[in-house]
Amino acid sequence: MSTEQIEGSLGVAKAVSLCKPGVVCAYPISPQTHIVENLGKFVKSGALKHCEYLNVESEFAAMSVAIGSSAGGVRTYTATASQGLLFMAEAVYSASGLGLPIVMTVASRAIGGPINIWNDHSDSLSQRDSGWLQLFCESNQDAVDTHIMAFKIAEKVGLPVMVCMDGFVLTHAFERLNLPSQEQVDAFLPKYEPREFLTPKEPISIGSMVGPEAFTEVRLLQQRKMLSSLQVIEDVTKEYREITGQHSGGLLDCYNCENADLKLIILGSSVGTAKDEIDRLKAQGINVGLISLKAYRPFPYAALKAAVGNSSQVVCVERAFSFGARGIICPEVKRALEGTSTKVCTALAGLGGRAIYGSTINGIVKHALDGKFKDEFTWFDIDTKVLNSYTRNALGITFPEGPIAESELEATLLRA
Amino acid sequence: MLDKINFYQTGSNTVGNRLINPSMRTEQASVDRPNSLTCGHRACQGCGEALGARYAIDAAMKATSGQIMVVNATGCLEVFSTPYPESAWRLPWIHSLFGNTAAVGSGLAAAAKVRAELNGDSVTPRIIAQGGDGGTTDIGMGCLSGMFDRNDDVLYICYDNEAYMNTGVQRSSATPPAARTATTMPVGEEPGSDWGKGKDVPLIAMAHGIPYVATATIADLRDLETKVAKAMSFHGARYISILVPCPLGWGLKSSALTVTAARLAMETGFYPVYEAEYGQITSVRKIRQKQPVINYLQIQRRYAHLTGKKADPNVLARLQAMCDANIEHFGLLGDEAPQLNPAAIQAYERSKKV
Amino acid sequence: MMNKAFAVTLDPATSLENHTGSWRTLRPENVFKLPPCNKQCPAGENIQQWLYYAAEGNYEMAWRFLTENNPFPACMGRVCYHTCEGKCNRGFLDEAVGINSVERFLGDYAIEHKLSFKRPAKDTGKKVLIIGAGPGGLSAAYHLRRFGHSVHVLEAGAEPGGMMRYGIPVYRLPRNILDAEIARITDMGVTIECNHKVEDIEAEKKKGGYDAVIITTGAGISSNVDIPEGDTNHILNALNVLGEIETKGNIEIARRVAVYGGGNTAVDVARSLRRLGAEPIIVYRRNRDKMPANEEEMDAAIAEGIQVKWLSTITGATKESLKIEKMKLDESGYPQPTGEYEELPADAVVLAIGQNVDKSILDKLQGLKVERDAIVIDPETNETSVPGVFAAGDVASAKDRTVTLAIGMGKNTARSIHAYLRGVKYKKQPKNEDARFEDMHPWYYTDAPKTVRPELELARRTNTFDEVQYGLTEENAIYEARRCLSCGNCMECDNCYGVCPDNAIRKLGAGKGYEFNYDYCKGCGVCAQECPCGHIHMVPEKI
């Protein structure tokens, strides 16, 4: 174990390097660049041996190279973000369909247009149904550890894993990071033994065409793998924590949840901000719980239900949503809590890099405690001035200060 | 005495020929050829692609003593060879997507290298990525160019049947002018596929300066096998385009005419056959018995509008001019040498304001 | 072991479970066709088959297959007019295969290497008498002996060979060659008794206790025309002239000799006389196009300086000249007199206008039907109207009288007698369908001009009886044999095996050919289309 004050991206690169991947392929996209730049340096300098580093011509090629190398029986890593993730989407699905245990970092970033390079979760969540495991990191330490765990989880389950860490907020932040030693990682993560791979010694045909006669069954078995990963994540987390003493990973993590009637559910780096605010609120006598959702896919329904307990209200602080619908996390939480009387709603915040401050969390908590979440879905951190500067003239409407509930947005259609 | 007489009835034009030294016969003539793509596949009757794939992969298997792994693009070849629950392949094979074949090949080549390093193997399996013309010249072009750029140790084989056959014969950038496809119907003022469009991917490949580029057809097996074997003697990115007529898509008058059609494509100059090393043409397969283009067109219903009663003789003349230009540019006849920088036939057509 | 994913990962070659043969509506089948050379050969040689082995350099095998039908390859390689070559499909491509010269090469090879015929494994105890030791008789004797019958040949002449000895000039057929090939037949146990002219066939048969008889007495009497002869002009007949050259070596007739006729005998006589120092001139009533003589022989004659008087008939002769009437051809190509005459200086006339059968012995055989200068025979069995008596060669063929045909007839008669001796009626094998050039794939064959046989210098040829044409060297013989297109029959080029998109053809190994694998054959027809020699047919599948 060593402790270093370094950029999150370098930490992740070092963590990946400790896992001894055989192939790393990279196509640059902000804010993922520093991770693959560092890995490139490790390979070129000889620090990372027996690893092929491929500068590819697109994210589509990156994922495709990863498919080839993973099917070729070596541990494979790549990283992307935003547009890049969408550009590789077809191959993302192919990788999971072929059961290839690739690990990929998504340095989360908004999707254009309009083009926006800053952080939210619309990229990773767009790949919800891609068949990948999606693990969110709340800190750079969590990111370092989750990447190491991700290889083990992927290889045990036989599915690829997306490690989602917030772009810039984490990737470009310098922090003190504890990096496990090579011996620790070697003990934790054995030499890669592929379940199946291409070799002239035992020829197989991977990637057949499956018609109606077996496609459903293929999907059922894929789902079964995904379900099995819940336990694998827990087991791997437990093992990792025992070896390193780090408190990272897991399906979810609870903070101040004991006896809290209101709980927030948050993915990613905002968890840290929320923890600080929860501490301040606690000092003021306001008890708010926080559930850091680590595993979005597989979705830990049971663990979440247990974590929520008998709280009367849960607010999902979401950094992406579904056009024409509502939040993305909220419906999953509702499913988890079906049959309970817990009220669940979404506070949409932090799109396209808009910072979630302690004050944002404070506002959400107050809004909840005041019983002001009248709809399931509320736009929380709206800059009313910016909005009205356009709508006043263009649409003949203005918005009041403060959060805008879904029903209020709908009402403006009548006023216009 | 027998070896001294260099005349062998059918010479090297047939697959085998019992009169020539066994070492001079093709791999396809061998009783124990690999049959990498074996019986029971579901290709249409007379499929040129099935034939071309077996020819090429068997030759590569021979050249590498069986150390070949194949990446296959989506398309006819993939669909007819590996519908669940049966695979017609005898070697390691993978299919991922339509447009990413070259990149998967790059990844697989990297993996093969790393595994060999880690295991201390003296032999590293070699990679062939393959697809149809649509998967190569259109949707797969980005990954193909990337693979060329990195000079990854992959041989890419394009089985060129000049349209998207698997989806029902739509135009690709490899479709020749005036050909009928489902998206270039023989209607309007210029029936069939547009003139002055298309891509010459072998020339594009050469422009990458990769070690080896070749064109071939299923009508000259020895040429094809030699080129595959030569390709395998190089490391780095290599590209071979093999013309594989599609009886259905071309509307061949009979499924039996597949090889004949390919032969006519060569003998008319419609499809120039040559090879290049590091961006420069090194040899050209000469036309053996020159044929007018009409002989090639008239066995294909995709050109029916050019050979029937209502046919426009000007279009026929333009196609003949196209063949003649190929013959001139690539030096396909007699002792003519190819031009140092042959231009794509599309350039020739675009420069003619007909 | 791999932990294979369900359905997405498949085991290799599992497609073998999928029998695509059920798709088929057309079925490829091998068809064995009759090559035009074989069809044309009057001796019924399987030319293509022996060329197949010659092409491989397996000369003994080639010779064995050749002599299955014809025991005289060295002779025939010299004197046969090789009409086979005129029918050769390679002629459409470049030039016909030099079949005849390969045959001669094989014949000479066999003599040089002292190859012999196998004696029959056991004797049948049946006895056959052959009257006449010409090509027809000796051919029949050879084939009968192969069947195990005991054969005795009676020959009126001093030596066996018939027209091969007494009708064909030495410059075309050296006698040591003829002797060697006859000796090979007698080595099998055939006995030949010369200087024995048969007068009574029935009596000979009875006396020897023969089970069957073949008459092969030939057509050894030259035809005559009535030419009003003046005082002392020589009028001779062709066969006598050729016979005398054979027995005496040199004869003196005259300087200026008119040879009257347009057939091969006329040419033989003219060329022989030229070698003896005469100045022969051929007089023929029609033109070159209508001339029955072999074209190559005629070319050679003209090249040797022999003159020809076309469209001319001899209407009278004096001591120093002939009276010639000019002819013209009518619409159907027959010569008609014009009434115009001219003089042709000539010291002698040799008549070479045809040959006739000596009927004197035939008339004595009761019930023997003879029509138009030939014994009437059953075309299937070659049996005459007298049971147990057969006939072959010129004596049984009025129209076509060649050595080659006689050899073929001899073979057929032997087969017929073999059946007859077992109490069976002989039936000729049905012929395969013709191998037509249109059914072949000429693209596959490489271009190769016919090897030109090195010829003796013209000057040398005209004044000696040395053999005019040298044989092929081994190199040339193989080269020539390899020019065979193998029309309609497999030559193991592997094309079908290679071009099948479904691997549905099995290669059985060298010399064993191929087999269609109907489990997988989809019936696309590429094999048939690409077979160079047209050996594969697509036939509708019974559904």
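What area is buried between chain A and chain B, and what percentage of it do carbon and sulfur atoms give? The legends below take up this point and others in a predicted model, in which local features need pLDDT of at least 70, side-chain atom pairs count only at pLDDT 80 or more, and totals for chains, interfaces and linings use all residues. Residues are numbered from 1 along each chain as its sequence is written, chains are lettered from A and ligands numbered from 1 in the order in which they are written, and side-chain values use heavy atoms, with hydrogens and water left out.

**Figure 1. The interface of chain A and chain B.** About 3000 Å² is buried between these two chains, and carbon and sulfur atoms give 66% of this area. Buried area is the accessible area (1.4 Å probe) that two parts lose on being put together, summed over both. Across this interface there are two salt bridges, a salt bridge being a side-chain nitrogen of Lys or Arg within 4 Å of a carboxyl oxygen of Asp or Glu. B:Lys113 pairs in this way with A:Glu52, and their closest N and O atoms are 2.6 Å apart.

**Figure 2. The interface of chain B and chain C.** Chain B contributes 58 residues to the contact and chain C contributes 55, where contact means heavy atoms within 4.5 Å. The buried area is about 4900 Å², with 54% given by carbon and sulfur atoms. B:Phe7, B:Gln9 and B:Arg18 supply 16% of the area that chain B buries against chain C, more than any other three residues. Two salt bridges are counted between chain B and chain C. B:Arg263 and C:Glu530 meet through their side chains in a salt bridge, at 2.5 Å from N to O.

**Figure 3. A salt bridge within chain A.** The side chains of A:Glu138 and A:Lys275 form a salt bridge of 3.0 Å, N to O. A:Glu138 lies in the loop between β6 (133-136) and α7 (140-157) of chain A, and A:Lys275 in helix α10 (residues 270-283) of chain A, so the pair ties together parts that are 137 residues apart in sequence. Helices (H or I, at least four residues) and strands (E, at least two) are DSSP runs, numbered from the N terminus. Over all chains, the structure holds 72 salt bridges.

**Figure 4. Two helices of chain C.** Helix α7 (residues 99-112) and helix α10 (residues 175-186) of chain C pack at an angle of about 70°, with their axes 11 Å apart. Axes are lines fitted to C-alpha atoms, for helices over the stretch in contact, and angles run from 0 to 180 degrees between N-to-C directions. C:Gly107, C:Asp108, C:Ala110 and C:Ile111 in α7(C) meet C:Ile177, C:Ala180, C:Glu181 and C:Arg184 in α10(C).
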